[in-house]
Structures are given as structure tokens and as C-alpha cells.
Amino acid sequence: METQGSRDLQSENKKRRRERGIAIIVGLIFVLSTFAQAFLTQKSQNLGFFQSLLYFGLIHLNVILIMFLVFLVSRTLIKAFLLRKAGKLGSSLRWKLVTSLLAFSLLPSIVLFVGSSLVIRQGFDKWFGGQVYQALEDAQAITDVHYRGLEEGLDIFSARARDKLIKSGKEPDIAMLEELLGEYPVQALEIYPSR
């Protein structure tokens, strides 16, 4: 005949196995997505839109997995602490085991976090570094050339229109201005009389 204690122990063992299985699966997914990020970072020069979207998805997946692992670890730590405070049998040993395993797992986690941060920063530097800066510089140079050409063209048109008005020797009227507008590729003419 089963007692309440043995049923609780079986239930607790099932829960622990399930938590361990979830933690192992989450850890494996985290490691695989980190390797995928590292691979995509090396190939970042040739990334298309879909691969960039995949890269950002992997980054977000890693953040979610890290948060989930922090939740599982903190829950186990709090549970061990509460059992120790309650003075349950074996709780002191459990507390020592949980804290030592947590300490041993923090160092690789910190190294992994710093490494992935460097990978992400290098990816952003490659994506938004030299190529984008060069594209912006080229676009600015093209814009400058375009506006300089427009300005020089307007200077030439205004000099010709001025010369034509001076040669006519009479005060400009609407018909003369409309004729000038038809000759030159401008939308408006303004005349400023010299004083």
C-alpha cells in the first residue's frame, strides 16, 4: 500500500525529471542557435534579407532561452533556500549542491554571454560599418554633383536671359518673359532691376 510520502516522492521525482529534460532541451537549442549565429556572422558580408531576418530571430531566441534558464535556476535556488529555512531533512546538503552547481555554471554562462555579445557587435559593425558609410558618402557625392550641375545650368540660363534683355534695350514685359520661359528649361523668371 502506497503512503502519502511515497506518492509525494514519486510526484517530486517526475517533476524533477521533467524539469531536467526541459533544461537540457533549452540548453541544446541555445547552443545550436549560438553556433548558427556565429556561422552567420562569418558569412555576414553576403547575407540577404531572409538570412538577416533569421539572424535577428536567433538573437531573440537566445534572449528568450536565457530568460527561461534563469527562471528555472532561480526557482530551484529559491526552493532549496525555503527548504533549508524550514529545516527539512537533507535541505542543507541540497542547498550546498544547488549553490555550488550554480556557481560552476555561472562562469561558462558569463563567458558565453560575453562571447555572443562580441559576435553581435561584430555583426552590427560589419553590417552598418564601412559599406553603409561608403554608400552614404557616394550618395552625398552624387547629390552634390547633381545640385552643382543644376546651379551651373541656372547660372548659364540667367546670364543668357540677362544678355537677351539688355540687347533688346527696352523694359521687359510679360510677352518677353513668356518667350524667355519657352527658350530655357526653367519654371519661373524673376527680374530685379538694378538701381
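The residues that line the largest pocket of this predicted model divide into 17 nonpolar, five polar and seven charged. A pocket here is an open set of points on a 1 Å grid over the protein atoms alone, with protein on both sides within 12 Å along at least five of seven lines, and lining residues have an atom within 4 Å of a point. About 1200 Å³ of space lies in the largest pocket, a volume being the space filled by probe spheres set on the points. Of its 29 lining residues, Leu69, Leu72, Val73, Leu102 and Ser105 lie nearest the centre. Helix α3 gives the most to this lining, with 11 residues; helices are DSSP runs (H or I, at least four residues) numbered from the N terminus.

Why is Leu106 called partly exposed? Its relative accessible area is 44%, and partly exposed covers values between the buried limit (under 20%) and the exposed limit (over 50%), with a 1.4 Å probe.

Residues are numbered from 1 along each chain as its sequence is written. In this predicted model, local features need pLDDT of at least 70, side-chain atom pairs count only at pLDDT 80 or more, and totals for chains, interfaces and linings use all residues, while side-chain values use heavy atoms, leaving out hydrogens and water.

Technical notes: On a 1 Å grid over the protein atoms alone, a cavity is a set of points where a 1.4 Å probe fits but cannot get out, and a pocket is an open set with protein on both sides within 12 Å along at least five of seven lines; lining residues have an atom within 4 Å of a point. Helices (H or I, at least four residues) and strands (E, at least two) are DSSP runs, numbered from the N terminus. Ala, Val, Leu, Ile, Met, Phe, Trp, Tyr, Cys and Pro count as nonpolar, Asp, Glu, Lys and Arg as charged, and the others, Gly among them, as polar.
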